[in-house]
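Trainee: Can we go through this structure together? I would like to ask things as they come up.
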Amino acid sequence: MLLNFAQISQDDLISPMIWKAAYGFATTCILGVAAYAGYRVGTPEKYQARQHLNPELNDQIKKVVDSLKITDDQLINIMQILEEEMNTGLSSSTHNQATVKMFPSYVQNVPNGTEIGQVLALDLGGTNFRILLIDLHGNSTVESTSRIFVIPQSIMIGDGKHLFHHIAECLHEFMEKEHLLNTGICYPLGFTFSFPCQQESLASGRLTTWTKGFNCSGVVNEDVVKLLQDAINEKHINAKCVALVNDTVGTLMACAYKDPSTAIGLILGTGTNACYIESLDKVGTWNGNYDEPKQVIINTEWGAFGDNGCLNFIRTKYGEEIDVSSINPGKQIFEKMISGMYIGEIVRLIIL
């Protein structure tokens, strides 16, 4: 599920109050998912009339529900902690120690709906990935053709070269079906890579850590665009990767093509993340130019919010059990609390 935040006025893009309102709202919504799931598991409607028949069971259900509740004061505290963690990630002096990394995306402009052309997009961020052929018509309208491909578990945790070779083979298959191969045209390709990356330019970025069940060897600290392009070249595919973006940045940009006032992108799917437009004078880690526009989209990587223990006061035994049994214990704590990959297991543990 993708949630796109739009309709934020340009004058208020960088306003701290917008920050707080948006992130407070997002945090309220997504933390509420776990509480609601626990409540529905504990007291489905068809059994509510029988609660008085088993007082001991009712007490157990109440304890579960209470452990998942977040008070207004706690939500305000979470919002304030998140803002502090974001500022830590933005500062050059504290960025290396930050858990919420706040990576500059090197995307400084958003679409205005007048762009035209035909481009390829590759979206990798979970157990499935998509390849799309997108036609931009220049009047804020888009036509797209897409296909979903599966990534086998053996590839998700195998050699990194096998992952990118698999992607290139799927791209070849897609382009062959759409009659795009050997046309004499080298198609521009945008690569949505939904894992934490330290970007070095618009078309280069090094993976900092795998998440969402991936653990391919030989990829961490490597330039994922180069790995992808090498695999594409080996297959003699007429496509060139011209941009690397996170899924949140892609979400923001796609929405901005229809509404240029879009300022925030939010993902709540297999994992969770958010991005927003920030002024350059607040980005201490920025190493690009300061020409107009003096702004850049920041990829927060807020799935790691809480990795330093700052959210321990709202963690539950269910979340702690999920974390301990995961392939990356102690990492992506916020993501494990509320995202799609883990919410089903939370419910299962509650039922047990």
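This is a predicted model: local features need pLDDT of at least 70, side-chain atom pairs count only at pLDDT 80 or more; totals for chains, interfaces and linings use all residues.

Trainee: What is the strand order in the open sheet of five strands?

Mentor: The order is β5-β4-β3-β6-β9, with mixed pairing. Strands pair if DSSP finds at least two bridges between them; strands (E, at least two residues) and helices (H or I, at least four) are DSSP runs numbered from the N terminus.

Trainee: Which are the edge strands?

Mentor: β5 (142-150) and β9 (239-245), each of which pairs on one side only. The twist averages 25° from one strand to the next.

Trainee: How many bridges join β6 to β9?

Mentor: Six, and the two strands run parallel. Pro188 stands opposite Lys240 in β9.

Trainee: And which strands does helix α7 lie across?

Mentor: Helix α7 (residues 224-234) lies across β3, β6 and β9, at about 160° to β9. Axes are lines fitted to C-alpha atoms, for helices over the stretch in contact (heavy atoms within 4.5 Å), and angles run from 0 to 180 degrees between N-to-C directions.

Trainee: Switching to rings. How many aromatic pairs are there?

Mentor: The structure holds ten. Rings of Phe, Tyr and Trp (its six-membered ring) pair if their centres lie within 6.5 Å; planes under 30 degrees apart count as stacked, over 60 as edge-to-face and the rest as tilted. Phe129 and Phe149 are stacked, 5.6 Å centre to centre with 25° between the planes.

Trainee: Are those two buried or exposed?

Mentor: Both Phe129 and Phe149 are buried. Buried means under 20% relative accessible area, exposed over 50%, partly exposed in between (1.4 Å probe, protein chains only).

Trainee: Which residues do ring pairs link into a cluster?

Mentor: Phe191, Phe193, Phe195, Trp210 and Phe214. Phe193 is buried at 2% relative accessibility, and Trp210 at 5%.

Trainee: Last topic, helix α9. Which of its residues are buried?

Mentor: Tyr318, Gly319, Ile322 and Asp323. Seen down the axis, they fall within an arc of 135° (from the directions of the helix axis to the C-beta atoms), so they line one face of α9.

Trainee: What covers them?

Mentor: The cover includes α3 (55-68), α10 (333-338) and α11 (340-351). The face turned away from the buried side carries the exposed residues Lys317, Val324 and Ser325.

How values were computed. Residues are numbered from 1 along each chain as its sequence is written. Side-chain values use heavy atoms; hydrogens and water are left out.
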